[in-house]
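Subject: Structure handover

Hi there,

Here is the model I promised to pass on to you. Could you have a look at it before reading my notes below?

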Amino acid sequence: MPVARTAPATPPLARRRSGRFVAGVAGGVADHLGVNVLWVRTAFVVLAAINWAGVLAYGLLWIFVRQEKVDVVRAPGRAERQQALGLAALGIGAGLAAAALGNSVIGPLGVAAVGAAVVWREADESQRRRWTSSARSGVTGAAAGGRSTVLRVLAGAVFVAVGIGVFLIANLQLGQVQFALLAVLATLLGVAVLTVPWWVRLMRDLGEERRERIVEAERAEIAAHLHDSVLQTLALIQRQPDQPREVLRLARGQERELRHWLYGPTGYGRSGSASGAPALDAGLADAITAAAAEVEDTYSLDVRPVVVGDRPLDDGLRALVLAAREAMVNAAKHAQVGEISVYVEVEPGEVHVFVRDRGVGFDPDAVPEDRHGLVDSVQGRVTRHGGAVRLRSTPGTGTEVHLSMPVDAPAAEPLGPESRTQKEATR
Amino acid sequence: MTVPADAEPIRVFLVDDHGLFRSGVRAELDRAVPDVTVVGEAGSVGEAVAAIRHLRPDVVLLDVHMPDGGGAEVLRQLRPELPEVVFLALSVSDAAEDVISVIRAGARGYVTKTISGRELADAVRRVRAGDAVFSPRLAGFVLDVFSDRPGAAPPGDPELDLLTRRERDVLRLLARGYAYKEIAGELFISVKTVETHVSSVLRKTQLSNRYELSRWASDRRLV
């Protein structure tokens, strides 16, 4: 079932293929500008009266604007058909009249222009046939035309030749040699004019081929990446279906890696650096995500960090990340849960990290003195750099560790080596 | 607006182009949750639009990524016509533009596909009752978009472009993995008030013209 997509505000400029009278230029322009086609045609006629400007514009648009690719069915009524033909005749008449008032150069060139128009129109037709037939058969159908096509192309060529010839004879008195030279030039010119559509098509085909090659290269790169990562993991999973823990670990690790590749370290798709593994010391978001991944892998549970904002790592933040990692490890070891929530928020003057689980919880006052996992590795690390640790835990509902670390405003500093070396220099 | 427990089951429609995933969700919801029934499913935008028009389900679970336009396309075609049908986006994608695009197109919430059957049923009940559902990650996105980082454009319409302090607090707790009830307890407000705040944030996310939101939206031709 075809989907009725909402069209963009202005459709791209393309010549109409159905409901056209000469080349579909006026219709295409009308579609593009969203005005009635009658106005566009009238404008071309008026311009045609001014030194053939309208005809020239029409011809140039014909050459450089491509036909629309899809057949849109338009059924112009009889009135519109007559109107359009009348306007076309009027345009040529107006051009000729204006030319007659000036000099008479335009007359024979007008004949040549009509001839060229006939030939180009045939080229449009054959292009259209090529598209429709390539959809069906692929190779054949490029040259298929029939007798009427040949006749029309020949007639057009004759028109062009006669036009140019009359123009030359009428306007120049020349010697034999000069005449021969000019005849050769005129022939070349005529051939050039007649073959314009084929040149244009050749150029476009080349461009299209290049574009296709680029797309193909991109596809190959994606395929290679998927092969290295996803397919390998799937193969590994199939080989050990009886070890659910290992399968889970593989699936999680693979999901994380693919996500990182697709959307970047925070999953926001904003950083754009989707190539390869996260760089060491890249930034807070990267570091937290890496730490979460490590805990996820080691302890076979879900750690889903949500990071709001980012900033380059300094010593304090590195300590903060390590402490957060330790808090995650603690939760993974003791809380007996399958999921840990990690939330990081970068504020202008402070960075907050919350590590939360919905596990068994404990009474913070009842922790024996000799078990100093949390006290030493978390509290010690953070307070040494001026940060703070708040711990909240209730038996039965879970634990939340809140780490905070003061940082220098402003937070929106670009990630760069300077900021880090400065920090180290002042140490 | 709350639905009593013994009322008719909530009629849910599934839209996802992966048949395997559809049958998984269907089995989970049918087995574990008595008050939610799956009345139909579709694997493409066209099928979904036709079937939803015909069936008029209460809630539509909508995949974000589908070959012929995705969840946003379904929403665009059906929202004006069926305002009483509620849409809940369900996706593996965590990319901001995907999430924001379905929310802007009118979904009442967003959950990730790794959600458990029980949590999914909760989310369905919640959107059915008129509330919004934010995954922690969506809460994070929204906080990020509305944050006043240095250099951010000044708000055009303060009513829509700024979050109140309370809304910010609620979003932060959502991002920290708190349930509505826990948020209510933490902030000393009622669950109803939490729901009101979240709905208000959803409205702002759908209507605000903050730079990033409108950029994401215009990328997807939503506005």
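What follows is a short account of what I found in it.

First, the housekeeping. This is a predicted model, in which local features need pLDDT of at least 70 and side-chain atom pairs count only at pLDDT 80 or more, while totals for chains, interfaces and linings use all residues. Residues are numbered from 1 along each chain as its sequence is written, and chains are lettered from A and ligands numbered from 1 in the order in which they are written.

**The two chains**

Chain A has 12 helices and 5 strands, and chain B has 11 helices and 6 strands. Helices (H or I, at least four residues) and strands (E, at least two) are DSSP runs, numbered from the N terminus. Of the 427 residues in chain A, 29% are buried; for the 223 residues of chain B the share is 47%. Here a residue is buried if 20 or more other C-beta atoms lie within 10 Å of its own, exposed if 12 or fewer, and partly exposed in between, with C-beta atoms placed from the backbone.

Two residues are in contact if their C-beta atoms, placed from the backbone, lie within 7 Å. Taking the contacts in chain A with a separation of 6 or more, 69% are between residues 24 or more positions apart. In chain B, 70% of the contacts between residues at least 6 apart join residues at least 24 apart.

Helix H2(A) covers residues 37-49; its 13 residues should span 18 Å at 1.5 Å a residue, and the end C-alpha atoms are 19 Å apart, which agrees. (The expected span is 1.5 Å times one less than the number of residues.) Its buried residues are Val37(A), Val40(A), Arg41(A), Phe44(A), Val45(A) and Ala48(A). They sit on the same side of H2(A), because they cover an arc of only 140° around the axis; the arc is that of the directions from the helix axis to the C-beta atoms. Just after H2(A), Asn51(A) has a positive phi of about 50°.

In H3(A), the buried residues are Gly54(A), Val55(A), Tyr58(A) and Trp62(A). Those fall within an arc of 100° seen down the axis, so they line one face of H3(A). Leu60(A) and Phe64(A), on the other side of H3(A), are exposed.

How do the two helices pack? The angle between H2(A) and H3(A) is about 125°, and their axes are 5 Å apart. That makes H2(A) oblique to H3(A). (Axes are lines fitted to C-alpha atoms, for helices over the stretch in contact, and angles run from 0 to 180 degrees between N-to-C directions; under 35 degrees is roughly parallel, over 145 roughly antiparallel, 65 to 115 roughly perpendicular and the rest oblique.)

**Further along chain A**

Ile237(A) is in helix H7 (residues 176-239) and is partly exposed, with 16 other C-beta atoms within 10 Å. Leaving out residues up to four places away in sequence, Ile237(A) touches Val247(A), Leu250(A) and Ala251(A).

Helix H9(A) (residues 284-299) has 16 residues and reaches 22 Å from first C-alpha to last, close to the 22 Å expected. Its buried residues, among them Leu284(A) and Val295(A), pack against helices H8 and H10 and strands S1, S2 and S3 of chain A. Ser300(A) follows H9(A) with a positive phi, near 55°.

Best wishes
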